[in-house]
Amino acid sequence: MDLSAEKLELHYYFNDSSHSMNALVRNQCESEFLAIAMEVAKELELSIQLESEAYREGGLKEAWKVIGKNGVQVSIFISIMTLVSSRIPFSDPELDQLQKQNLRLSIEEKKLRIKKLKTELESEKVNDNTVAKVAESLETNLKVVTRKSNFYKQLNRYNKIEKIGLTALNSDGMPITDERIVLRNNFRNFIIHSHNLTPITVDDALVEIIAPVLKEGRYKWKGVYENEPISFSMNDKHFNLDVLNEVISFKHGTTIECVLLIHQKLDETGEIQITGHSVSTVIRKIDSGQELETLQGKKYKFNKKQVEAQADLFT
């Protein structure tokens with residue numbers, strides 16, 4: 001592959017003959033685009049800086065001179081950035097689906113792909129397929145996905161833009177690759193519609209009860225999980241009913257083993273935030289070494305064993 005790229009160009013195409021755009025929109029787009037670049041550089045463990053160059057007309061063109069350890073690193077970074085920022089997802093980037101893709105593409109596999117790229121960088125014989133595989137790995141990075149969503153959301157709201165293009169340039173500002181175009185009707189394919197992630201399920205969580213809810217209503221219980229205070233919703237209707245009917249009581253140190261759901265979402269920068277906790281099933285109640293297993297807990301464990309047994313048949 002051509003390793004002479006030194007600059008990265010982002011080209012905004014307008015639906016009129018002008019060469020200007022709303023300054024706030026442009027600044028927000030640039031901020032999100034640079035955030036994608038910094039996350040890509042971090043994942044590749046490359047020390048990269050981007051320097052802005054003067055704007056050029058033809059719609060509006062922004063170019064950044066990329067500064068790195070050597071020309072090969074710079075060129076590969078630019079190639080991966082153009083792929084990551086412009087390759088259209090096969091389906092809407094819903095976060096639960098992206099999480100599944102992340103699980104399928106293990107951390108070890110991602111590391112191996114990047115390690116292979118680094119080996120090729122040292123020999124200055126970089127394979128196009130290696131670059132494509134690394135870019136594919138980065139496309140499910142939740143920070144990259146979120147920043148891309150923010151970027152294309154800004155573009156989609158600004159009706160003047162009909163498409164964008166990404167190009168690798170040499171030191172003279174001449175294209176060394178074909179421009180990668182993203183049409184306006186594809187902007188929405190990059191946009192995340194919900195920032196909620198699939199909850200983490202802990203099948204055997206131990207929660208010490210600090211404050212149970214002893215009256216009907218949508219009140220939060222308070223407890224301690226892994227030495228951290230939490231508030232949580234008690235969604236085990238049978239356990240709730242036994243508490244309200246005083247069949248179950250609590251004292252200092254009462255602990256429940258339960259199925260705990262840890263709810264989470266992405267913030268606007270792609271960081272994962274815990275938004276709350278809930279208990280779907282109480283398996284047993286523990287008081288000073290005495291244990292009381294619930295009927296719903298027995299049923300849950302039985303069903304879980306059945307599912308695991310069926311899974312074993314296909315392995």
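## Aromatic pairs and overall fold

The structure holds nine aromatic pairs, where rings of Phe, Tyr and Trp (its six-membered ring) pair if their centres lie within 6.5 Å. This is a predicted model, in which local features need pLDDT of at least 70, side-chain atom pairs count only at pLDDT 80 or more, and totals for chains, interfaces and linings use all residues. Residues are numbered from 1 along each chain as its sequence is written, and side-chain values use heavy atoms, with hydrogens and water left out.

**Two pairs up close**

- Y152 and F187 have ring centres 5.6 Å apart and planes at 50°, so this pair is tilted; planes under 30 degrees apart count as stacked, over 60 as edge-to-face and the rest as tilted.
- Because Y152 lies in helix 6 (residues 142–157) and F187 in the loop between strand 6 (180–183) and strand 7 (196–211), the pair ties together parts that are 35 residues apart in sequence.
- Both Y152 and F187 are buried, where buried means under 20% relative accessible area, exposed over 50%, and partly exposed in between (1.4 Å probe, protein chains only).
- W221 and F250 form an edge-to-face pair, with 5.7 Å centre to centre and 75° between the planes.
- This pair links distant parts of the chain, 29 residues apart: W221 sits in strand 8 (residues 221–225), and F250 in the loop between helix 7 (237–244) and strand 10 (255–266).
- W221 is buried at a relative accessible area of 1%, whereas F250 is partly exposed at 22%.

**A cluster of rings**

- One aromatic cluster is formed by F33, W64, F151, Y152, F187 and F190.

**Fold and dimensions**

- The chain has eight helices and 12 strands; helices (H or I, at least four residues) and strands (E, at least two) are DSSP runs, numbered from the N terminus.
- The radius of gyration of the chain is 26 Å, while a compact globule of 315 residues would have one near 20 Å; the radius is taken over C-alpha atoms, and the globule rule is 2.2 Å times the number of residues to the power 0.38.
- Along its principal axes, the C-alpha trace spans about 80 × 45 × 35 Å.

**Packing and surface**

- Of the 315 residues of the chain, 45% count as buried.
- Among contacts (heavy atoms within 4.5 Å) between residues at least 6 apart in sequence, 67% join residues at least 24 apart.
- Carbon and sulfur atoms account for 49% of the chain's accessible surface of about 17,600 Å², computed by the Shrake-Rupley method with a 1.4 Å probe.
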